[in-house]
Amino acid sequence: MTDALEVIERAAAEFAVACQAADTADATTYLAELPVPARLVLAAAVIAAADKPVSIVSLCEVAAVSRGSAYNHHKARMNHIRETVPVLVRALLERLETSFDSAILYEQLRERDESIQRLRAQLVTNTKERDAALAYARALHERLRPEIEAIALEQREKVRHLWRVTEDEEE
């Protein structure tokens, strides 16, 4: 781990010297010496400190790494960095009493996604229970249909149909 820290220190020092020598310098050439995971952690910290949403795309852009190869080789690590580094940066910024909205929003978004997953699972369960209850009601109805029709027929036979009597017919 000290090697990565030394590489970061050396890249930062070389970049500072280049910035003093010229008006502009490209940081990506100096960061190229860093291993990809270190570049991703550094990029996540920078993005989070800038109060921007930390995504896979933004991580790759700031770290100046290829999205495809970084995603293929460091997918789990990138997801872990994306979730944890902003929380750490927010905690450190809170020590400075600086507001940090995007990390709070990211946590709320993560909680919302978990709630949506729970609700979707509950919806599937409720749908299965409803379908089972409907199937039971249909089967019961089919079983009872002959009895219901017999009762209806019996009631129709007992009913006397009345007709209207007019005065002409009474006499």
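The model is predicted.

With 14 residues at 1.5 Å a residue, H3 should span 20 Å, and its end C-alpha atoms do sit 20 Å apart, so the two figures agree. Several residues of H3 are tucked away from the surface: Ala38, Arg39, Leu40, Ala43, Ala44, Ile47 and Ala48 are buried. Just after H3 comes Asp51, with a positive phi of about 60°.

Next up is Ser58, which belongs to helix H4, residues 56–63. Its relative accessible area is 15%, and because buried means under 20%, Ser58 counts as buried. The side chain of Ser58 has polar partners. It reaches the backbone oxygen of Pro53 at 3.4 Å, while a polar atom of that side chain lies 2.9 Å from the backbone nitrogen of Ser55. Setting aside residues up to four places away in sequence, Ser58 touches Ile47 and Pro53. Ile47 is itself one of the buried residues of H3.

Met78 sits in helix H5, which runs over residues 67–95. Here the relative accessible area is 0%, so Met78 is buried too, given the cut-off of under 20%. Leaving out neighbours within four places in sequence, Met78 is in contact with Leu40, Ile56, Leu59, Cys60, Ala70 and Tyr71. Among them, Leu40 is a buried residue of H3. Cys60 is another of these partners; Met78 and Cys60 are 18 residues apart in sequence, with their C-alpha atoms 9.4 Å apart in space.

Conventions: Residues numbered from 1 in each chain as written. Predicted model: local features only at pLDDT ≥ 70, side-chain atom pairs only at ≥ 80, totals over all residues. Heavy atoms only, no water. Helix = DSSP H or I, 4+ residues; strand = E, 2+ residues; numbered from the N terminus. Expected span 1.5 Å × (residues − 1). Buried < 20%, exposed > 50% of the residue type's maximum accessible area, 1.4 Å probe, protein only. Polar contact = N/O pair within 3.5 Å; in protein donor to acceptor, adjacent residues only side chain to side chain. Contact = heavy atoms within 4.5 Å.
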